[in-house]
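The structure comes first, then the description.

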Amino acid sequence: MIKKVKIFLLTMGILVLLFAFVYLFFANFNFGVVIIGSGAGVLIVYGLFFEKLIKIKWLTCGISAICAFFFIMAAFIGIYGNTDNADFNEDAIIVLGAGIRGEQVTRTLAYRLNKAAEYSEKNPGAAIVVSGGRGAQENITEALAMEKYLISKGVPAEKIIKEERAASTYENFLYSKEILDGLFEYPYKTAVATNSFHVFRAVKLAGKTGLAVTHCGAKIDWYSVPVNYSRECLAVLKMLILGK
């Protein structure tokens with residue numbers, strides 16, 4: 001029995017590690033990959049030293065409790081993010097950046113933009129704020145790449161407003177609010193388009209900048225679920241502890 005458990009843990013650890021490497025061919029490197037890689041390391045170490053580690057009750061119980069906690073948190077984040085509440089009467093919708101490769105939007109970001117384009121069809125009078133600065137692996141700002149993508153999807157250029165300074169979700173809302181404050185009289189209504197795993201934190205951070213937003217959750221690819229939800233759980237904890 002012990003031998004079978006060791007083989008299972010080692011196999012799972014190696015598969016998870018391979019998954020992390022393969023994922024990098026489809027998306028930019030991020031902290032979620034580090035988390036997944038670390039998890040693979042824990043599985044491999046447990047597989048190699050299973051007989052000794054299983055005897056350390058506090059360690060086993062602690063790891064089990066942490067895993068259960070993060071699973072429950074991920075489930076909550078997912079349910080929240082898949083429950084849209086936009087009423088299509090908002091004055092503007094903010095699309096949050098999610099990284100680009102060179103000048104091309106990633107699949108994760110494309111899903112956000114597709115959701116914003118769908119929203120625009122139902123609420124054609126709303127302004128679309130695309131928010132995101134230029135990162136280390138990016139040739140142009142995320143906002144510019146997002147604008148080009150939306151135009152290619154048939155969204156009129158005059159409806160799109162670029163916010164090109166933000167380097168975090170909090171800054172997405174902070175700088176977008178500065179733009180919207182100059183366009184609309186208070187109180188105006190705002191929606192946000194982001195992926196379902198990101199909705200909960202986005203809504204909370206928007207509130208910290210003074211924006212009360214409704215939300216539209218976009219899908220993600222199945223293979224990105226472990227990376228995105230792992231990273232997001234830690235990001236939510238950081239927000240709850242540090243406020244941002």
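Contact here means heavy atoms within 4.5 Å. The model is predicted, so local features need pLDDT of at least 70 and side-chain atom pairs count only at pLDDT 80 or more, while totals for chains, interfaces and linings use all residues. Residues are numbered from 1 along each chain as its sequence is written, and side-chain values use heavy atoms, with hydrogens and water left out.

F173 touches I94, L96, V192, A202, L205, A206, T209, L211 and V213, leaving aside residues up to four places away in sequence. A nonpolar core is a set of buried (under 20% relative accessible area, 1.4 Å probe, protein chains only) Ala, Val, Leu, Ile, Met, Phe, Trp, Tyr and Cys residues joined through side-chain atoms within 4.5 Å. The largest such core has 27 residues, of which I94, F173, L211 and V213 touch the most other members. Helix α8 gives the most to this core, six residues. A second, separate core has 25 residues, including A126, M146, I160 and A191.

Helices (H or I, at least four residues) and strands (E, at least two) are DSSP runs, numbered from the N terminus.

| Element | Residues |
|---|---|
| α4 | 57-81 |
| β1 | 92-96 |
| β4 | 127-131 |
| α7 | 169-183 |

The axes of α8 (residues 199-208) and α9 (residues 225-242), lines fitted to C-alpha atoms over the stretch in contact, come within 10 Å and cross at roughly 25 degrees. The two helices are therefore roughly parallel (under 35 degrees) to each other. F200, R201, K204, L205 and K208 of α8 meet E232, A235, V236 and M239 of α9.

How values were computed
Axes fitted to C-alpha atoms, helices over the stretch in contact; angles between N-to-C directions. Parallel < 35°, antiparallel > 145°, perpendicular 65-115°, else oblique. Buried < 20%, exposed > 50% of the residue type's maximum accessible area, 1.4 Å probe, protein only.
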